[in-house]
Amino acid sequence: QVQLVESGGGLVQAGGSLRLSCAASGSFLIFNALGWYRQAPGKQRELVAAMTNGNRINYADSVKGRFTISKDNAKNTVYLQMNSLKPEDTAVYYCKGTLRAGIDYWGRGTQVTVSS
């Protein structure tokens with residue numbers, strides 16, 4: 001069974017940057033789509049950025065121009081580069097991989113805290 005493990009979260013001041021990584025225990029080629037989601041306290045989990053095998057990329061409006069999703073198939077790792085961070089970006093960030101059969105795999109999440 002494939003496992004996804006996030007890393008790179010932490011505490012950063014507003015305006016700063018972080019790069020999140022999500023490493024898969026197996027090949028990324030089994031996934032039809034990969035994405036980053038986040039969940040702030042008391043809020044629903046929301047899409048941050050996602051990419052398909054055809055390299056179509058979607059971003060939440062709130063992060064467009066600040067966040068960039070990318071992947072390295074050789075390293076079975078997907079990244080989320082986060083720049084110009086804001087306090088409202090504070091959340092637990094999750095990585096998700098979706099198989100062609102529609103089955104989702106989630107990581108356990110990594111905490112991102114942006115101080116004002």
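Which residue takes a positive phi in the hairpin of β4 and β5? That residue is G42, with phi near 75 degrees, and the hairpin has six residues between its strands. Strands here are DSSP runs of E with at least two residues, numbered from the N terminus.

This is a predicted model, in which local features need pLDDT of at least 70 and side-chain atom pairs count only at pLDDT 80 or more, while totals for chains, interfaces and linings use all residues. Residues are numbered from 1 along each chain as its sequence is written, and side-chain values use heavy atoms, leaving out hydrogens and water.

**Strand β4 and its partners**
- Seven of the nine residues of β4 are buried, meaning under 20% relative accessible area (1.4 Å probe, protein chains only).
- β4 pairs with β9 in the antiparallel sense over eight bridges; strands pair if DSSP finds at least two bridges between them.
- Q39 has V92 in β9 as its bridge partner.
- β4 and β5 also run antiparallel, joined by six bridges, and Y37 stands opposite L47 in β5.

**The largest nonpolar core**
- This core has 30 residues, of which W36, L80, M82 and Y93 touch the most other members.
- Such a core is a set of buried Ala, Val, Leu, Ile, Met, Phe, Trp, Tyr and Cys residues joined through side-chain atoms within 4.5 Å.
- Among the strands that each supply at least two residues of this core are β4, β5 and β9.

**A look at M51**
- M51 lies in β5 and is buried, with a relative accessible area of 6%.
- Its contacts (heavy atoms within 4.5 Å) include A33, L34, I57 and I69, not counting residues up to four places away in sequence.

Technical notes: Buried means under 20% relative accessible area, exposed over 50%, partly exposed in between (1.4 Å probe, protein chains only). Helices (H or I, at least four residues) and strands (E, at least two) are DSSP runs, numbered from the N terminus.
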